Amino acid sequence: MTLYEDEVIAKRRSWFEEWLDKNPCPTPEDIQHFHRFGGNGDRHNDLLMNRNNEMLTVSITCMENSGSRAGMYYTDLQSSERFDCLFDVLTFSEATP
């Protein structure tokens, strides 16, 4: 048994491709918004999935790397809390003595 049937996989792929055409350089906020609200209203197969409260999307995590900085953005959908972590990125030469 798979999580999604082939038809649903194709539908979800088309949602992403259409969204990416409209958002060629998405921000972390854009990505989180897509994952939270993308789909067509079918709670069983939307990106924010809920299958009778037995199988559901519980969080969204997004990562960003901008060269010298990296960020991780986590949203707990059960509590509506969001956590953002920013990191300085080390180069290989900086990380090794």
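What follows is a walk through the helix packing and the strand pairing of this predicted model.

Residues are numbered from 1 along each chain as its sequence is written, and side-chain values use heavy atoms, with hydrogens and water left out. Since the model is predicted, local features need pLDDT of at least 70 and side-chain atom pairs count only at pLDDT 80 or more, while totals for chains, interfaces and linings use all residues.

Confidence comes first. The protein has an average pLDDT (the predictor's confidence in each residue, from 0 to 100) of 89, and 92% of the residues score at least 70. Where pLDDT is low, the predicted coordinates should not be read in detail. Elements here are DSSP runs numbered from the N terminus: helices are H or I with at least four residues, strands E with at least two.

On to the helices. Helix α1 (residues 6-22) packs against helix α2 (residues 28-37) at about 150°, and the two axes are 12 Å apart. That makes the pair roughly antiparallel, a label for angles over 145 degrees, with under 35 counted as roughly parallel, 65 to 115 as roughly perpendicular and the rest as oblique. Axes are lines fitted to C-alpha atoms, for helices over the stretch in contact, and angles run from 0 to 180 degrees between N-to-C directions. The crossing of α1 past α2 is right-handed, meaning that the near helix is turned clockwise from the far one by less than a right angle. On the α1 side, W15, F16 and W19 make the contact (heavy atoms within 4.5 Å), and they meet D30, I31 and F34 of α2. By class, five of these residues are nonpolar, none is polar and one is charged; Ala, Val, Leu, Ile, Met, Phe, Trp, Tyr, Cys and Pro count as nonpolar, Asp, Glu, Lys and Arg as charged, and the others, Gly among them, as polar.

Then there is the sheet. It is open, with three strands in the order β3-β4-β5 and antiparallel pairing; strands pair if DSSP finds at least two bridges between them. β3 (59-65) and β5 are the edge strands, each with a single partner, so one side of each has no neighbour in the sheet. From one strand to the next, the twist averages 10°. α2 lies across β3, β4 and β5, at about 155° to β3.

Seven bridges hold the β3 and β4 pairing, in which S59 stands opposite D76, T61 opposite Y74 and C62 opposite Y73. Their hairpin has three residues between the strands, and G67 takes a positive phi near 100°. Eight bridges join β4 (residues 69-76) to β5 (residues 81-88). Here Y74 faces F83, and D76 stands opposite E81. Four residues separate β4 and β5 in their hairpin, where S80 in the turn has a positive phi of about 65°.
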